[in-house]
Amino acid sequence: MSRGDPHFRLRIPEDLKREIEAAARANSRTITSEVVYRLEQSFSRSGTDQGGLIEEIEAIRSRLAHVRDLIVRQELNTGSQDRNSKRSP
């Protein structure tokens with residue numbers, strides 16, 4: 001996708017916009033990339049098309065790995081904070 005691609009104005013409900021923004025952050029995408037990805041996924045699905053499903057599974061796996069990494073980092077930070085607080089008088 002490039003800036004030369006056509007622009008498309010769209011009105012959507014505020015709650016849906018917030019969901020798209022949250023999904024874009026969770027998937028490390030821009031809002032535009034998230035919308036394009038989801039539209040492409042919706043058009044690529046069919047009864048015989050397994051590719052879209054495989055891509056969706058891979059995307060979920062990637063998001064889960066990202067969440068796991070965040071949890072591990074948080075646990076490491078919490079552990080070092082606990083150790084530092086025990087050293088303080």
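How many helices and strands does the chain have?

## Overall fold

The chain of this predicted model has three helices and zero strands, where helices (H or I, at least four residues) and strands (E, at least two) are DSSP runs numbered from the N terminus. Along the sequence, the pattern reads α-α-α.

Residues are numbered from 1 along each chain as its sequence is written, and side-chain values use heavy atoms, without hydrogens and water. Local features need pLDDT of at least 70 and side-chain atom pairs pLDDT 80 or more, whereas totals for chains, interfaces and linings use all residues.

## Surface and burial

The accessible surface of the chain is about 7900 Å², with 55% belonging to carbon and sulfur atoms; areas come from the Shrake-Rupley method with a 1.4 Å probe, and for residues only the protein chains shown count as cover. Of the 89 residues, 11% count as buried (under 20% relative accessible area; exposed is over 50%, partly exposed in between).

## Packing of helices 1 and 2

The axes of helix 1 and helix 2 (residues 31-44) come within 8 Å and cross at roughly 95°; axes are lines fitted to C-alpha atoms over the stretch in contact, with angles from 0 to 180 degrees between N-to-C directions. Helix 1 is therefore roughly perpendicular to helix 2 (65 to 115 degrees). Ile20, Glu21, Ala23 and Ala24 of helix 1 make the contact with Ile31, Glu34, Val35 and Arg38 of helix 2 (heavy atoms within 4.5 Å).

## Nonpolar patch

Phe8, Leu10, Ile12 and Leu16 make a nonpolar surface patch of about 420 Å² (residues with over 30% relative accessible area and no salt bridge, nonpolar side chains joined within 5 Å). A salt bridge is a side-chain nitrogen of Lys or Arg within 4 Å of a carboxyl oxygen of Asp or Glu. Leu16 lies in helix 1 (residues 14-26) and is partly exposed, at a relative accessible area of 37%.

Conventions. Patch = residues over 30% accessible without salt bridge, like charges linked within 9 Å, V, L, I, M, F, W, Y side chains within 5 Å. Buried < 20%, exposed > 50% of the residue type's maximum accessible area, 1.4 Å probe, protein only. Parallel < 35°, antiparallel > 145°, perpendicular 65-115°, else oblique.
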